[in-house]
Amino acid sequence: MAAPAPLVLVFGASSYIGSNLVARLCELGYRVRATARSPEVLEARGWKGVDLVRADALKPATLHAALAGARCAYYLVHSMAAGKHFGRVEVEAAENFARAAEAAGVERIVYLGGLIPPDAESEHLLSRRDTGEVLRRYRVPVTEIRAGIIVGPGSAAFEVMRDLVLHLPVMLTPRWVRAKSPPIALKNILEYMTRVLELPETAGRIYDAAGPETLTYEAMMREIARQAGKRPLIIPVPVLSPELSAYWLKLVTAVPTNVGRALIGGLKHDFSADDAELRRLVPQRLLTFRESVTAALEAERQHAVAARWTEGAFMFRDYRMDYAYYAKRASGSTLTSASPAAVWRVVGAIGGENRYFYANILWKIREIADWIVGGAGLRYGRRNPTDLRVGDTVDSWRVIGVAPERRLTLKFGMKAPGAGVLEFEVTREADQRTRVTATAYWHPAGVWGLLYWYAMFPAHHFIFGGMTRAIAHRAEAEPLREGPCARGANL
C-alpha cells in the first residue's frame, strides 16, 4: 500500500504567492494545509481537498494546530500593510513561527525572501533579510529563496507598474525608474519553490532566483504598456523623494498605501542575482519579461470565477485587464446587541421598497444621474421581498454571493469608469454582540476611474457608517415589531 503524500503547510496562503503555491502543490499531489488570519478569504479560492486553518504568527497559541503533522512549512508572511515599523512585526512573527515549527517537529521551512543589495537601507529590504535570519536561529533547516520582482497578477510591484501605465498617459517619474532588477515569472519562481522540497541538499541554504534579463523599471513599464495597447510618455525627474513618491502612488494607483510606501524605499537600488547554483539544481526554461507579462495576463483570464469578492478576482473587474487589480475601498461598521439572524433579515431585505436604510436622497441622486446617461439607475425592485439568491437583481445591483447570516455581495450595476462591489458582513464578536460591516470595493478604470472614486469618497465615508447604524437599529427593534406572540412562536 502506497504511503500517504506528505503534508505541506502553506503559512500565509492568502498572499499572492501563497494562493498560487497552494494550487501548484495540489497539482503535484501533496496534501496541503493552508492558513490565513481569516480562512473565509481562502474559501473563495475553491481549492479541493485543502485543509483550511485560522492562524496568526503574532498569536502563538494558534500555531500548534496549523503545524501539527506538517513535514514542511512554507513561510510566506509579509507585514508591509501593517504600516510604520512593520519590520519589528515581521521579526516577532518569524520568531514565533520558528519556535512553534521546532516544537512541532517540522523537517523543513521554505522561506521566500527578497534580493538584498549591498547598500540596502529600506525597512522593506532589511526586514526580508532579518526574517530569514530569525527563522535560521532555530533547529528546523531553512531553505531561503531570494527573488526580486515576481511578474504575475497580484504581485505588488507588477501591479504598481500596471496601474501607472494604465492610469497615466504622461508620467513624471522619480529617478528609480532607471534602477535595474532581474524580474522572474510567477511560473518560474513556483517551480523553484516546489522543487527544492525534493532536494535534500537545499536544506539550510540561501539561493538567489532571477529571470534571464536585468531591466530598468522604465523598460518593464513600457513592455506592460505595449501589451495593454498604451503608449505613455515617461519623463524621469530628480525632485521626487521616496516620501513624495509614496504619496504620488497613493493618488494614481490602487495598490494599498502601506504596501506602496514599503516598496518605494527599495526601488532606488539596482538589484542583481547570482542564481547559477539554483539554475543548476532546478533546470527550467526561464521566461523573458515579455513572456512573463503575457503569461500574467493569460492567468487572469483563466481565473474567471470566484465564490465571493476577492482582491483582483477577474469577474469582479468585469473581465477587464485595464481595470485595476487592487481595489480602492470605503467601509463602515457597527456593533449591535441584535442576533446575527436579526441583522441578516434586515440586510437581506435591502433595496426595493426598503431602499438603503440611510441617506436615501443621496442614493436617489446617484440613480437619477445614471438614468440620465442611459443606465439602469431607476430600475427598482427585486424578485422576493425577503429572500435572495445568486443571480437576483436588487434595483440596479446584481447578487453575486449569499452566505446566510454571514455575507451578502452585490455587484455595482450603474454606469461608471470601473467595476464595483458592495459587501455586507455579519460576524459574532467575542462579547456576543454582532458586528455588521458594509464595504465598497472599487477597481478603477484609468484616470477617470480614480477621479470618480475620489469624487464619491466623501459620500461613501458618510453613508456606510450611517447605513450600518441604521441596520443595527432596525435589527434591535425587530422583536418589538414582531410583538410578544410572534416572539413566542419562535420559542
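Two strands count as paired if DSSP finds at least two bridges between them. By that rule, strand β6 (residues 142–147) is joined to β11 by four bridges, and the two run parallel. The model is predicted: local features need pLDDT of at least 70 and side-chain atom pairs count only at pLDDT 80 or more, while totals for chains, interfaces and linings use all residues. Residues are numbered from 1 along each chain as its sequence is written, and side-chain values use heavy atoms, with hydrogens and water left out.

**Sheet**

- Helices (H or I, at least four residues) and strands (E, at least two) are DSSP runs, numbered from the N terminus.
- Seven strands form an open sheet in the order β3-β2-β1-β4-β5-β6-β11, with parallel pairing.
- At the edges are β3 (51–54) and β11 (206–209), each of which pairs on one side only.
- Neighbouring strands of this sheet are turned by 20° against each other on average, direction ignored; axes are lines fitted to C-alpha atoms, for helices over the stretch in contact, and angles run from 0 to 180 degrees between N-to-C directions.
- R146 has D208 as its bridge partner in β11.
- In general, strands of a sheet pair through backbone hydrogen bonds, either parallel or antiparallel.

**Helices on the sheet**

- Helix α1 (residues 16–27) packs on the sheet and touches β1 (7–11), β2 (31–36), β4 (72–75) and β5 (108–114), where contact means heavy atoms within 4.5 Å.
- The direction of α1 makes about 165° with that of β1.
- Helix α7 (residues 186–195) lies across β4, β5, β6 and β11, and runs at about 170° to β6.

**Salt bridges**

- The whole structure holds 30 salt bridges, a salt bridge being a side-chain nitrogen of Lys or Arg within 4 Å of a carboxyl oxygen of Asp or Glu.
- Buried means under 20% relative accessible area, exposed over 50%, and partly exposed in between (1.4 Å probe, protein chains only).
- In helix α4 (residues 86–104), E95 and R99 lie four residues apart, about one turn of the helix, and form a salt bridge with the closest N and O atoms 3.6 Å apart.
- E95 is partly exposed because its relative accessible area is 23%, and R99 is partly exposed at 41%.
- In helix α8 (residues 217–227), E223 and R226 lie three residues apart, about one turn of the helix; the closest N and O atoms of their salt bridge are 2.9 Å apart.
- R226 is partly exposed at 46% relative accessibility, whereas E223 is buried at 10%.
- R279 forms a salt bridge with D275, with 2.8 Å between the closest N and O atoms.
- R279 is partly exposed, with a relative accessible area of 37%, whereas D275 is buried at 9%.

**Positive phi**

- Most residues other than glycine have a negative phi, and most peptide bonds are trans.
- A359, in the loop between α13 (340–347) and α14, has a positive phi of about 50° although it is not a glycine.
- Q432, in the loop between β18 (418–428) and β19 (434–444), is not a glycine either and has a positive phi of about 75°.
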